[in-house]
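Here is a brief report on one protein model. It covers the overall fold first, then selected charged pairs.

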Amino acid sequence: MRKLFIIGIGAGNPDFLTLQAIKALSGLDVVFLIDKGREKAALAKLRMEICARYIDNKAYRVVEAADPERDRSPACYETAVTAWHAKRAAIYERMIREELADGQQGAFLVWGDPCLYDSTLRIVDRVAAMSTVSFDVEVIPGITSIQALAAGHGIPLNRIGEPVLITTGRRLAETPARDAGDVVVMLDGDCAFRQVEDRNVDIFWGAYLGTADEILISGPLHQRADEIEAVRREARQKHGWIMDTYLLRKATVS
Ligand SMILES: C[S@@+](CC[C@H](N)C(=O)[O-])C[C@H]1O[C@@H](n2cnc3c(N)ncnc32)[C@H](O)[C@@H]1O
């Protein structure tokens with residue numbers, strides 16, 4: 001039987017790797033990599049450093065495939081994502097069937113945690129459902145960007161007994177004000193915090209969390225919004241890519 005690990009490698013700092021992840025890495029024969037283009041080259045580099053350091057079998061192979069084209073301005077977001085997942089599933093299926101021999105161990109290394117805003121598990125499920133290649137799957141959790149954000153700012157993610165909503169920049173505008181007590185926003189290419197009109201909200205913002213380039217800014221949203229937007233623009237220009245996450249928190253509970 002083939003064994004496929006989906007390993008969360010943490011969201012930026014190689015020291016985020018758990019002992020469980022290191023143990024799984026040590027026995028790998030094949031690492032599957034999806035090339036996501038120039039912006040993500042820095043992330044691919046970190047993955048390769050992790051492999052070189054922790055995989056015991058120095059004859060391990062890296063099998064790389066290009067990420068399929070994705071419609072970035074579709075008429076229907078869900079349909080476009082489903083079509084993109086189908087293309088990815090075909091690529092993953094071929095990689096697992098052709099590149100991982102019976103009895104070998106392979107892995108997809110997932111940024112942060114595989115269970116948070118990542119499609120790898122859904123795609124691997126699709127591959128399993130094709131029944132063209134059989135394999136066992138084991139998921140290894142990782143430190144998410146949300147944990148790195150809270151730790152970076154030295155704050156608890158939730159207030160006592162209160163819920164936390166995790167959403168995307170795209171969906172922030174749809175979040176009813178009554179639910180907007182504590183909201184973590186990810187995948188925001190557009191500074192969606194600008195749409196928040198409530199002046200009684202604090203922001204805890206972080207970019208490149210866990211890396212040597214980490215940037216943290218916090219304070220009242222209406223006072224910090226311009227600064228964050230400017231810092232974000234500049235950093236993105238400098239590095240060629242940016243990943244940022246933030247927590248919006250009602251400054252006082254009514
Ligand atoms: C596709 S999701 C992947 C999330 C990842 N699985 C995790 O556990 O954090 C990508 C989003 O995660 C957030 N993110 C990931 N790594 C980050 C980092 N090092 N610093 C800031 N935000 C990060 C950003 O909001 C980015 O748009």
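## Terms and model

A salt bridge here is a side-chain nitrogen of Lys or Arg within 4 Å of a carboxyl oxygen of Asp or Glu. The model is predicted.

Arg249 and Asp182 form a salt bridge, with their closest N and O atoms 2.4 Å apart. The pair links distant parts of the chain. Arg249 sits in strand S10 (residues 244-250) and Asp182 in strand S7 (residues 182-186), 67 residues apart. Both Arg249 and Asp182 are buried.

## Helix-to-strand pair

Arg232 forms a salt bridge with Asp244; the closest N and O atoms are 2.8 Å apart. Arg232 belongs to helix H7 (residues 221-239) and Asp244 to strand S10, so the bridge ties together parts 12 residues apart in sequence. Arg232 and Asp244 are both buried.

## Pair within a helix

Arg97 and Glu93 meet in a salt bridge at 2.7 Å, N to O. They are four residues apart in helix H3 (residues 77-99), so about one helical turn separates them. Arg97 counts as partly exposed because its relative accessibility is 35%. Glu93, at 8%, counts as buried.

Shared partners join Glu93, Arg94, Arg97 and Glu98 into one salt-bridge network. The whole structure holds 15 salt bridges.

## Overall fold

The protein has seven helices and 10 strands. Among contacts with a separation of 6 or more, 74% join residues 24 or more positions apart.

The mean positions of the 32 positive and 36 negative charges lie 1 Å apart.

Definitions and conventions:
Residues numbered from 1 in each chain as written. Predicted model: local features only at pLDDT ≥ 70, side-chain atom pairs only at ≥ 80, totals over all residues. Heavy atoms only, no water. Helix = DSSP H or I, 4+ residues; strand = E, 2+ residues; numbered from the N terminus. Contact = heavy atoms within 4.5 Å. Lys, Arg positive; Asp, Glu negative; His and termini not counted. Charge placed at Lys NZ, Arg CZ, Asp CG, Glu CD. Buried < 20%, exposed > 50% of the residue type's maximum accessible area, 1.4 Å probe, protein only.
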